[in-house]
2 protein chains.
Amino acid sequence: MYDVAERSGVSIATVSRVYRNPGSVRDRTRERVLEAARELGYVPSGNARGLASRTTGVLGLCFPDYADPDAEADAEADSDADDAAMLYSDQIIRGMERAARRHGYALLIAASLEGGPESLVAKVAGRVDGFAVLAQTVPTEDLEVISRRLPVVMLAGPREIDHLDHVVVANADGERELARHLIEDHGLRRLAFVGGDPESPDAEARFRGFRQACGDAGLPVPEAPDLRTAMMTRAEGARAAETLLDRGSERPAAMLFANDQMAVGALRALERRGVRVPEDIAVTGFDGIPLSRIVRPSLTTVRQPIRQLGEQAVELLVQRLADANRPPVSLELPVSPAHRASCGCG
Amino acid sequence: MYDVAERSGVSIATVSRVYRNPGSVRDRTRERVLEAARELGYVPSGNARGLASRTTGVLGLCFPDYADPDAEADAEADSDADDAAMLYSDQIIRGMERAARRHGYALLIAASLEGGPESLVAKVAGRVDGFAVLAQTVPTEDLEVISRRLPVVMLAGPREIDHLDHVVVANADGERELARHLIEDHGLRRLAFVGGDPESPDAEARFRGFRQACGDAGLPVPEAPDLRTAMMTRAEGARAAETLLDRGSERPAAMLFANDQMAVGALRALERRGVRVPEDIAVTGFDGIPLSRIVRPSLTTVRQPIRQLGEQAVELLVQRLADANRPPVSLELPVSPAHRASCGCG
DNA sequence: GACCGCTTTGAAAGCGCATTCACCCTAGAT
DNA sequence: ATCTAGGGTGAATGCGCTTTCAAAGCGGTC
């Protein structure tokens, strides 16, 4: 910048103005400066600017380190876990990017590794005006410290720290409605729920919704899912379906899976076993991934507005940036059931 | 930082060392400092650090502003164009993020709007150690200036500036091999190629490959694609298929589409018209999107290593960061044909 | 007890920009 | 011609950190 100033015969203040507030500089002067900048290959330093102006124009996102990087050797490069997990963070990224762009922000993303002072979280926190965190990504203790200095919004999980803004998806409501639909509209009674890791807030919330629906309908309310899978992948979904089928007693009238991946896997497994869907058994998922619409029979599921999740995160950040003192906001984004072929609709 | 120093009774230099080089500080001192930092909610300023150390630890990506943000009203939120376009940048982002993480970098992403001094590009450029650009995203003139100051790698398109590193996908080779397969292995002769916008380097490169294959086989070499579509969407693919069908003369033995989206649309259209694939006609796509594997018949296509594109971009950046003087590198990533049902294989 | 070699800490000088504040110049008003 | 407003510009200060360079502490040695 000093060079540009010298070359164009002005002071650095004027150069700065040319970039920050072009209107306040006379046309002729501005031209000279820009010309010099071009000749010198001048690129304003975001760091210096940020330091001086105390703002970065960047928002951040920390998401979990889902896929094992070492597993990438996988030639097909689309293992089940990958598909499911990445789609999620990809969509959030996309949503945040869109919204951020609308507000003139860029987006800094990083999958958090370990915590500690040298973590990526710290790097992100130091370089943004505010950021979003996927639940269970960053140690609460770190967040506690960081959130005292800049806006943080917690996504898709328990808020953990109560002065944070946070956004969740109406998991319980969605599953409850889905189960209600099966019970009331299709007259099914024996429902089996396949859950995931008890540590997964999403899967647990969905199970809660399932229980509510059972209660609402006067059916027995299960204590735990009929089955749990560790990874919630297609493969595990297929296995779960077979386990349920082989479990002596009567075959359930419907299998509700805690996510689409598992449900899709189940669909295939059932087809292999000659069990017709939805004639013999209904199947539902959760998430509304693209695949759910394409499989045959198309999968009844609950569409999760993941992109909106990202967009809302940005909106909340922007708002808090505008007013640091407003009370913490907690949003629950509505989900919409998609009744398709696999439950007997469509 | 000054506060932390004061509170823990050391100088700011020591505080800095605690973060930058913990080993060089006595354990007791370090504890005191970290304790104070925790109490004060200290978050190191990335800007100041970047300014002082002249490096950011961040890599960037500029991609085109594909989807029209205003079109988001679209409730289903997955129009054709969206699907295709976003998958592409999403995957690059994912690839870059992974590779960046491996090297300890975070990733700053921004879809470029207009150029000019206040563009997002400028913002990105000023905040990263180096960045990647999707071809035709940033005005060459801007890149010219920026690339004199920091590493830039050009992705998936003509290099434009010859001192840049760049990475492309072997579009021509892929299509050539695909066409060769149809001609030699399946004995088909009347091939029709459906291209896209003449401005699309990818679509054009694929058509070039197609022509080469024709030449190789001694078939007439077409001057232009049999048909072009503007958006290369499913809908347009369907329409293209019908147009080709209705074009009097003899029906082609195979339709080669410049991307999977169009091919999938065509598949549906042909089904509606009662034309069997692959018995009556072979169909191929390009890209290897997930959908291509799921449709029935499964689509013969060419898998594009988009994620690797992103990863390579990061590798090149890292390498150039290590040695600014090495000669510009130009990589062509190999593609792999996926022979599936729609051409008569599998 | 003076001396030596380490390790640990401090002082100070920027890093590149935004931003007052003061100043000068020009143009219109008087 | 003098005065008044602004618009346009420059000088100077500080943003929060890294990084020499020096000084100080600390064990041991001779």
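In strand β5(A) of this predicted model, A:His166 is the bridge partner of A:Met154. Strands here are DSSP runs of E with at least two residues, and helices are runs of H or I with at least four, numbered from the N terminus. Strand β4 (residues 152–155) of chain A pairs with β5(A) in the parallel sense over 3 bridges, pairing being assigned if DSSP finds at least two bridges between two strands. With strand β11 (residues 330–333) of chain A, β5(A) forms a parallel pairing over 4 bridges, and there A:His166 has A:Ser330 as its bridge partner.

Strand β5 (residues 165–169) of chain A is mostly covered, with 5 of its 5 residues buried; buried means under 20% relative accessible area, exposed over 50%, and partly exposed in between (1.4 Å probe, protein chains only). In a regular strand, side chains alternate between the two faces of the sheet. Accordingly, A:Asp165, A:Val167 and A:Val169 point one way from β5(A), and A:His166 and A:Val168 the other way.

Strand β6 (residues 191–195) of chain A and β7(A) pair in the parallel sense over 2 bridges, and A:Leu227 in β7(A) is the bridge partner of A:Val194.

Residues are numbered from 1 along each chain as its sequence is written, and chains are lettered from A in the order in which they are written. Local features need pLDDT of at least 70, side-chain atom pairs count only at pLDDT 80 or more, and totals for chains, interfaces and linings use all residues, while side-chain values use heavy atoms, leaving out hydrogens and water.
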